[in-house]
Amino acid sequence: MSDVQQIETHGRSLRVSVDPEPEQEGRPALWPSVGEYPIYDPFLYTTMTTDDERNQRFRAALSQLAPDRRILDIGTGQDLLWARESVQAGARHAVAVEVIEDAFHKAAANLPALTPQDRITLLLGESTSLHFAPRADVCVAEIIGSLAGAEGAAAVLADARSRHLEPGGLVIPHRAVTLAAAVRLSDLLPEQPVAFAGASLPYLQSIFDWHRGPFDVRLRVENPSADALLSEGAPVEVLDFNGDLRTEQRTATRLVISRPGSMDGVLTWLNLWCLPDEEPLDALHMKTNWATIYLPLFDSPVPVDPGDILELSFAASLSDDGVHPDYQLDAVLHTADGQQHHGSLESPHHGGAFRARAIYRALFPAS
């Protein structure tokens with residue numbers, strides 16, 4: 001049974017369903033997806049800087065690619081993490097770019113303590129608007145979302161390749177893929193209410209404050225059980241940062257139901273390669289700050305059996321800010337009894353509807 005708490009945003013009071021149990025290590029938890037919004041705080045930065053699965057891959061790539069090269073670090077954060085790591089790996093110089101003013105000022109305060117600080121230049125602004133010379137040899141950017149492209153990596157890194165990198169310059173990470181599998185949301189949160197974690201409420205409010213009002217946020221599921229998946233995962237979004245990098249794309253895939261149950265949406269998760277031939281980071285099966293994202297397709301769960309087919313169309317198109325993608329999902333579930341169940345979802349980065357789906361009406365109950 002969930003509790004109901006209130007948050008205030010732009011003069012509006014919102015009721016929110018909240019899990020009364022505190023978060024515990026390894027216990028599933030429901031959060032809003034936060035990475036695609038400029039609301040980073042010390043806690044969020046710490047979760048990234050202490051992410052061993054992520055950091056070992058980025059460090060291995062920098063140790064191979066940074067020595068004696070010029071590095072561009074996009075989204076450097078308050079700790080100038082990859083600019084600092086690049087210099088330690090032997091880079092000649094690193095340009096570190098940060099768009100969030102608070103993080104930039106903290107980074108500027110941290111810069112004098114770095115040795116040698118004269119090998120790092122810190123800039124405030126969007127990399128897509130800044131101009132500087134000379135061009136870099138390698139761009140490192142940890143602007144990958146739990147949905148691979150959600151933080152604008154495709155548009156930002158396509159621009160970096162065009163304007164900020166030397167011909168033949170390389171990007172770290174090398175590749176990011178979003179996979180999707182059929183699920184039922186309640187199976188991802190077994191023996192607990194479908195409700196936001198209490199610790200997530202300040203971030204939910206910060207997103208709404210940034211947006212100047214509520215909207216149907218993407219739903220981040222931490223620590224889901226892989227046993228809840230009703231199908232194998234299949235790629236639905238592919239970002240080849242050193243290859244054919246597309247800022248907009250549409251994929252069509254068929255998910256074959258592999259065990260009986262009920263489904264109401266898909267669970268997505270990240271696979272990430274920093275170097276072409278390494279084992280990818282898998283956000284579903286490894287402990288990492290990237291989590292899974294649940295995307296609802298049907299307001300009521302639909303019974304499924306092995307052999308049923310979910311035909312899924314997954315599209316990413318740039319929002320009106322020219323950086324962050326909006327996602328559109330269309331699905332047809334073919335069941336063994338010959339029925340077809342149609343589902344769809346519009347998941348914009350911003351400006352979308354509020355309480356448009358049954359799951360959001362449950363998470364934000366009316367007064």
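The following dialogue explains how to read several features of a predicted model.

User: How many disulfides does the rule give?

Analyst: A disulfide is a covalent bond between the sulfur atoms of two cysteines. The rule applied here requires a pair of cysteine sulfur atoms within 2.5 Å. The count comes to 0 disulfides. The sulfur of Cys139 has its closest cysteine sulfur in Cys274, 12 Å away, which is too far for a bond.

User: Is Cys139 buried or exposed?

Analyst: A residue is buried when its relative accessible area is under 20%, exposed when it is over 50%, and partly exposed in between (1.4 Å probe, protein chains only). Cys139 is buried, at 0% relative accessibility. Cys274 is buried too, with a relative accessible area of 2%.

User: Which residues touch the most other members of the largest nonpolar core?

Analyst: In soluble globular proteins, nonpolar side chains tend to be buried together. A nonpolar core is defined as a set of buried Ala, Val, Leu, Ile, Met, Phe, Trp, Tyr and Cys residues joined through side-chain atoms within 4.5 Å. The largest core here has 54 residues, and Ile120, Cys139, Leu157, Ile172 and Phe241 touch the most other members. Apart from it lies another core, of 47 residues, among them Ile7, Trp273, Tyr294 and Phe354.

User: Which residues does Cys139 touch?

Analyst: Contact means heavy atoms within 4.5 Å. Not counting residues up to four places away in sequence, the partners of Cys139 include Leu72, Ile74, Leu157, Ala160 and Ile172.

User: How many residues has helix H2, and how far does it reach?

Analyst: Helices (H or I, at least four residues) and strands (E, at least two) are DSSP runs, numbered from the N terminus. The expected span of a helix is 1.5 Å times one less than its number of residues. Helix H2 (residues 52-65) has 14 residues and reaches 20 Å from its first C-alpha to its last, close to the 20 Å expected. At the start of H2, a side-chain oxygen of Asp51 comes to within 3.2 Å of the backbone nitrogen of Glu53.

User: Which residues of H2 are buried?

Analyst: They are Arg54, Asn55, Arg57, Phe58, Ala61, Leu62 and Leu65. These residues cover an arc of only 165 degrees around the axis, and therefore lie on the same side of H2; the arc is that of the directions from the helix axis to the C-beta atoms. The face turned away from the buried side carries the exposed residues Asp52 and Gln64. Among the elements that the buried residues of H2 pack against are helix H1 (42-49), helix H3 (81-88) and strand S7 (136-141).

User: Which residues are buried in H4?

Analyst: In helix H4 (residues 101-110), Ala103, Phe104 and Ala107 are buried. Seen down the axis of H4, its buried residues fall within an arc of 100 degrees, so they line one face of the helix. Exposed residues Glu101 and Ala109 are on the face turned away from the buried side of H4. The cover over the buried residues of H4 includes H1, S5 and S6.

User: How many residues of H3 are buried?

Analyst: H3 is mostly covered, with 6 of its 8 residues buried. The buried residues are Leu81, Trp82, Ala83, Glu85, Ser86 and Val87.

User: Where are the cis peptide bonds and positive phi values to be found?

Analyst: Most residues other than glycine have a negative phi, and most peptide bonds are trans. A cis peptide bond joins Ala133 and Pro134, with omega about -5 degrees, and Pro134 is in the loop between S6 and S7. The bond from Ile172 to Pro173 is also cis, with omega near 15 degrees. His10 has a positive phi near 50 degrees and is partly exposed, at 45% relative accessibility. Glu191 has a positive phi of about 60 degrees and is exposed, at 88% relative accessibility.

Conventions: Residues numbered from 1 in each chain as written. Predicted model: local features only at pLDDT ≥ 70, side-chain atom pairs only at ≥ 80, totals over all residues. Heavy atoms only, no water. Polar contact = N/O pair within 3.5 Å; in protein donor to acceptor, adjacent residues only side chain to side chain.
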